[in-house]
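Please read these notes with the structure open beside you.

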Amino acid sequence: MASLDKHIAQLIRQYGPYVVGLFIMYKITASMVRRAYPYGYAWFLNRLADRYNRGMWRQKEELFTDLPDIKKQFEKGADVEEKFTILEIGVGSGANFKYYPEGTSVIAIEPKEQFKTYLEENADQFPGVKITEVVWCNAEDMKEVPDESVSAVVCTLVLCSVLDIDLVLKEVKRVLKSGGRFYFMEHVFQPERSFTHYTQRLLNPLQVKFGDNCHLTRETWKNIDKAGFAEVRYKRFSAYKMPSIIRPHLMGTATK
């Protein structure tokens, strides 16, 4: 027994500092990764948004094609000081600004402040679109935005990752003026049994864990259908230039 204790003590003296050093390095590295991850993820999403726009520009032009008409509709007879205002949920780096009409004011909703630099850089490229306010919050609770204060709400590739879709849609309806329009484009679940269907189901837990709560199996059109909008128009389509697991898409509008 004494010999065993002596042997253990020798191992501790020999390898103890090494183990303690490894543990300290692990804690330091883990802390650095946790701090760096939000910035790295923001950089990744900024790059991804550029790639997405290159592959989906036709669909985005189709989605936003009536924005100039909606702008004229709300500006007609409005106070001279009142600007056509779009509230964009999950604005990120401002990848949709290129599709907004000249003279548009934007209220930007974004939970991740790490996008601030990218948002400012992109906004400088579109001087005709003015960010009037940036609210760093989740879309489920936009209490800083008054009731019936915006003419349009835009949401692209966001409803896949929010915590509560129905609560977000309730907030969208609250902030929209009567006759205002909600524009959305999302990757969604492929409900029909297929290779994509089963792949989405298989990979969804990993996607949620490592993809910032992004879900592959949300049937978002069902939430929009039951949200209580006066008119809902959308189509489901396959985004062939996207990876297969996010190829099933939904785009459309909902009018209050």
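1. Searching the whole structure turns up 13 salt bridges, a salt bridge being a side-chain nitrogen of Lys or Arg within 4 Å of a carboxyl oxygen of Asp or Glu. The model is a predicted one: local features need pLDDT of at least 70 and side-chain atom pairs count only at pLDDT 80 or more, while totals for chains, interfaces and linings use all residues. Residues are numbered from 1 along each chain as its sequence is written, and side-chain values use heavy atoms, with hydrogens and water left out.

2. One of the salt bridges joins Glu62 to Lys235, at 3.1 Å from N to O. Glu62 belongs to helix α1 (residues 2-63) and Lys235 to strand β6 (residues 231-238), so the pair links distant parts of the chain, 173 residues apart. Helices (H or I, at least four residues) and strands (E, at least two) are DSSP runs, numbered from the N terminus. Glu62 has a relative accessible area of 40% and is partly exposed; Lys235, with 37%, is partly exposed. Here buried means under 20% relative accessible area, exposed over 50%, and partly exposed in between (1.4 Å probe, protein chains only).

3. The charged end of Lys235 also sits over the ring of Phe237, 5.8 Å from its centre. For this, NZ of Lys or CZ of Arg must be within 6 Å of the ring centre and within 35 degrees of the ring normal.

4. Lys71 counts as buried because its relative accessibility is 12%, whereas Glu75, at 33%, is partly exposed.

5. Aromatic pairs number six in the whole structure. Rings of Phe, Tyr and Trp (its six-membered ring) pair if their centres lie within 6.5 Å; planes under 30 degrees apart count as stacked, over 60 as edge-to-face and the rest as tilted. Phe64 and Tyr100 are edge-to-face, because their planes stand at 90°, with the ring centres 6.0 Å apart. Phe64 is in the loop between α1 and α2, and Tyr100 is in the loop between β1 and β2. Phe64 is buried at 3% relative accessibility, and Tyr100 is buried at 7%.

6. Phe182 and Phe229 form a stacked pair, because their planes are at 15°; the centres are 6.1 Å apart. Phe182 is in strand β5 and Phe229 in the loop between α6 and β6, so the pair ties together parts 47 residues apart in sequence.

7. Phe182 is also among the residues with the most contacts inside the largest nonpolar core, which has 30 residues. A nonpolar core is a set of buried Ala, Val, Leu, Ile, Met, Phe, Trp, Tyr and Cys residues joined through side-chain atoms within 4.5 Å. Helix α4 gives the most to this core, with five residues. Apart from this core lies another, of 26 residues, among them Ile70, Phe84, Tyr100 and Met251.
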